[in-house]
Amino acid sequence: MAYSEKVIDHYNNPRNVGSFDKGADDVGTGLVGAPACGDVMKLQIKVSADGVIQDAKFKTFGCGSAIASSSLATEWIKGKSLNEAETIKNTEIARHLALPPVKIHCSVLAEDAIKAAIADYRAKTTAKVAE
Amino acid sequence: MTTQARVRETPEKKDAAPGRNRPERPIYLDYQATTPMDPRVLEAMIPYFTTKFGNPHSRSHVYGWEAEEGVEKARAQVAHIIGADEREVIFTSGATESNNLALKGVAHFYKDKKNHLVTLVTEHKCVLDSMRHLQEEGFEVTYLPVKQDGLVDLAELEKAITDKTVLVSIMAVNNEIGVIQPLAEIGRLCRKKGAFFHTDCAQAVGKIPLDVEAMNIDLMSISGHKIYGPKGIGALYVRRRPRIRLQALITGGGQERGMRSGTLPTPLCVGLGEACAIAEHEMGEEAKRLTRLRDRFYAQIKEKLPEVYLNGSLESRIPGNLNLSFAYVEGESLILGINDLSVSSGSACTSASLEPSYVLRALGVDEAMAHTSLRIGFGRFTTEEEVDYAVQDIVEHVTKLRDMSPLWEMFQDGVDLKSIKWAAH
Ligand SMILES: Cc1ncc(COP(=O)(O)O)c(C=O)c1O
């Protein structure tokens, strides 16, 4: 299987690998995919009080395209507001990385991971407000 | 279209550690996919392309005679390595054709008497697909499961064979996991119950001793390119006593006793014959050497990496194969990292398919684990240095990818991955 240079670059030099404390109030965690399907992404965001993503980290079990998609996703969402980050589309990720058709699902997963992390963060803050 | 860089052309920037120079070309560790031709085989073939180029079926001149002589010597060499008579060997284009001819040829010829065939779920695609075609024609096929070690359950086999069973087809050595089926026991059972025994020996010839008499084998498929011979040639052994009849798939001039028409490719036949002769001569020593290399590799991997699992029996296995699951690391991403090594993913039957291997599934390997598997094949030209390099490369990349794996992190934290409700997609 031939990979695009951009995928290879993210694979060789993944951006923002790591984890935040999942229990912290300012952290949102998205865990998507399934081991049985061959890809699982964990994407975390650290959000400031005014709703801006200060930092992002990921860990991915999956092929080179899955690793590249999540690595790129963390790069793109850093510095964006939650509302902006939410508008990132899988097609933009796929186009940027020149993913072949059989790998489009990797970009879908990355979009899902962003949304899941944001939803987790929002759920946490609403829960806090409710307290 | 964006430019798609071949993995090899954009190698990872690695600091060459002392004593670890990157190889000029990737180290070939995929000997179950195919093998390079042995230079001695090429040497034997060359005259038959240029000077001894005659049609081996020409009867009226020396060109035909010398080509025929080459073909018949090769036929005897093929027969010899399996303990057969040369009149029982017919040349084909490879094991795919041999398997098609054996299954369809026998089923069609005997269809008025018997209509049932038995095989294993772990057979090569060309056997399974031939069986599917026969089913579409109305034949009954039993696909037997295998045990967790990849071997046939003989009691199950015995139960499956009925008086309607014309043929049992069980491969000698599996192409993904290298396990050796108990051929002698299977042959005895088939003989006792009156079914013909066909065995796909593409991965077995020249690697393990084979004897069609002692093992009661009635039909055997052989491939040239798995045994350091040329691609595009194979053979089918067809027992003469008692005689097995086949309906030909390819008809025409009636060559190969009417079972396979077409002018024989003399150089390829000669190459297959020479490959068999060399393999027969060197098999004993080579098996010992490969066992040593394989054990050296496996011991180092186990010492340096936790959570590595072997798929398939270790005891009943050819020395040149390991199929390993590197838990929590997806196989394709590992292959991308270890681009100094040419190995095959144990998790996909073809690179176009994202489905985990049906062979691993048949062993009961769960899907998640199947996605982490590599097939590593050692062969005649594998060296100790290559094996040691491969260990280092694999250890380095498995470690790196585990650091990046959310599943590894969860495993380290003591999370039971099976307790999580994963969203299927
Ligand atoms: C077990 C087995 N059977 C059959 C084949 C097909 O052989 P050939 O490539 O000679 O058609 C192969 C090789 O892929 C094999 O490994």
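Q: What counts as a helix here?
A: Helices are DSSP runs of H or I with at least four residues, strands are E runs of at least two, and both are numbered from the N terminus. The expected span of a helix is 1.5 Å times one less than its number of residues.

Q: And the ground rules?
A: This is a predicted model, where local features need pLDDT of at least 70, side-chain atom pairs count only at pLDDT 80 or more, and totals for chains, interfaces and linings use all residues. Residues are numbered from 1 along each chain as written, chains are lettered from A and ligands numbered from 1 in written order, and side-chain values use heavy atoms, without hydrogens or water.

Q: How far apart are the ends of H8 in chain B?
A: The end C-alpha atoms of H8(B), residues 266-304, are only 49 Å apart. A straight helix of its 39 residues would reach 57 Å.

Q: Where does H8(B) bend?
A: At B:Met283, by about 65°. That is the angle between axes fitted to the seven residues ending there and the seven starting there.

Q: New topic: how is chain B divided?
A: Into domain 1 (13-37 + 283-412) and domain 2 (39-279). The bounds come from an automatic or database domain assignment.

Q: How much area do domain 1 and domain 2 of chain B bury between them?
A: About 2800 Å², 57% of it on carbon and sulfur atoms. Buried area is the accessible area (1.4 Å probe) that two parts lose on being put together, summed over both.

Q: Which residues of domain 1 of chain B lose the most area to domain 2?
A: B:Met37, B:Met283 and B:Arg380, together 28% of what that side buries.
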